[in-house]
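Hi everyone, thanks for coming.

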Amino acid sequence: MESLYKTIDNILQLDEIPSTNDFLRSLLDSSSNSLSNGFVVSCRFQSSGRGQVGNKWHSEKDMNLLFSLLLYPDFVEIRDQFYISKAISIAIVKVLRSLFPAQASFFTIKWPNDIYYKNSKLAGILIENFLMGSSISNSIVGVGLNVDEVTFPAFLPNPISLRNINPQMTYTKEEILILLRDSILHEVDKLHHMEEYDSLSNQYLQYLYRYSVLSPFSDEKGSFYATIETVQADGKLVLLTDKGERKKYYFKEVEYLFD
């Protein structure tokens with residue numbers, strides 16, 4: 001089912017599709033007219049929603065915000081593509097902190113780009129960068145944000161929604177979507193200027209879940225305690241263990257442990 005139910009403000013809204021990322025990719029590939037920067041595909045339900053590294057994204061129909069956003073960040077070097085992830089994560093946290101000022105400090109980024117509220121997962125981001133030669137031709141940014149779903153399946157380890165956080169919330173999914181899109185475009189636009197890279201990196205660290213807090217982790221050798229020291233330009237997480245050992249990891253090479 002791909003029945004369109006609304007088109008407004010450069011946002012194509014559909015009823016049910018397998019994946020907003022896949023749909024936007026096929027639309028971009030088949031479109032006789034180029035799609036503009038910031039074009040959005042959203043839907044009420046995804047039958048095959050995707051998360052990071054083959055994971056699936058769960059969402060009940062009409063309950064949450066599911067969308068993919070098109071970017072043309074050809075001004076970002078391939079070696080710097082993790083800055084796109086930083087900018088998008090920061091953009092989402094900024095919106096959530098502005099909407100819920102009393103709980104602002106509880107909205108964080110769990111490396112590399114999950115959005116957390118306290119110790120629970122609120123949103124996931126899937127960024128697919130497409131290359132042409134030595135540059136990024138376009139990026140498709142998939143976002144799943146739990147908005148109105150209040151009861152989740154048992155197989156999800158630690159989900160939470162905005163409605164769980166504030167049952168009296170009055171923001172609509174459409175209003176939140178426009179805020180998120182505009183914030184993402186604003187933060188990514190900063191990557192036109194090299195002098196903004198350090199500022200984005202510093203803000204990313206300040207928003208990072210468990211940053212500089214001694215916490216339990218696990219890798220292929222077992223569990224250990226460490227603090228997050230930094231995140232390198234290529235996205236590698238740098239930990240300093242309680243025994244003074246510095247360890248570096250790419251995504252999926254280390255896990256956060258929870259009490």
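I'll start with a pair of helices and then move on to some backbone details. One thing to keep in mind: this is a predicted model.

Okay, the helices. Two packed helices are described by the angle between their axes and the distance between the axes. So, at what angle do H2 and H4 pack? Helix H2, residues 82-99, meets helix H4, residues 173-189, at about 135°, and their axes are 8 Å apart. Angles over 145 would count as roughly antiparallel and 65 to 115 as roughly perpendicular, therefore H2 and H4 are oblique to each other. The crossing of H2 past H4 is right-handed.

Who's touching whom? On the H2 side, the contact includes Ala-87, Ile-88, Ala-91, Lys-94 and Leu-99. From H4, the residues include Ile-176, Leu-180, Ser-183 and Glu-187. If you sort the residues of this contact, you get 12 nonpolar, 1 polar and 2 charged.

Now the backbone. Find Trp-111 and Pro-112: the peptide bond joining them is cis, with omega about 0°. Pro-112 sits in the loop between strand S5 (107-110) and strand S6 (114-117).

Lys-118 isn't a glycine, yet its phi is positive, about 55°.

You'll find Lys-252 in the loop between strand S12 (246-249) and strand S13 (255-256).

Note on methods
Residues numbered from 1 in each chain as written. Predicted model: local features only at pLDDT ≥ 70, side-chain atom pairs only at ≥ 80, totals over all residues. Heavy atoms only, no water. Axes fitted to C-alpha atoms, helices over the stretch in contact; angles between N-to-C directions. Helix = DSSP H or I, 4+ residues; strand = E, 2+ residues; numbered from the N terminus. Parallel < 35°, antiparallel > 145°, perpendicular 65-115°, else oblique. Left-handed = near helix turned anticlockwise from the far one by under 90°. Contact = heavy atoms within 4.5 Å. Nonpolar A, V, L, I, M, F, W, Y, C, P; charged D, E, K, R; others polar.
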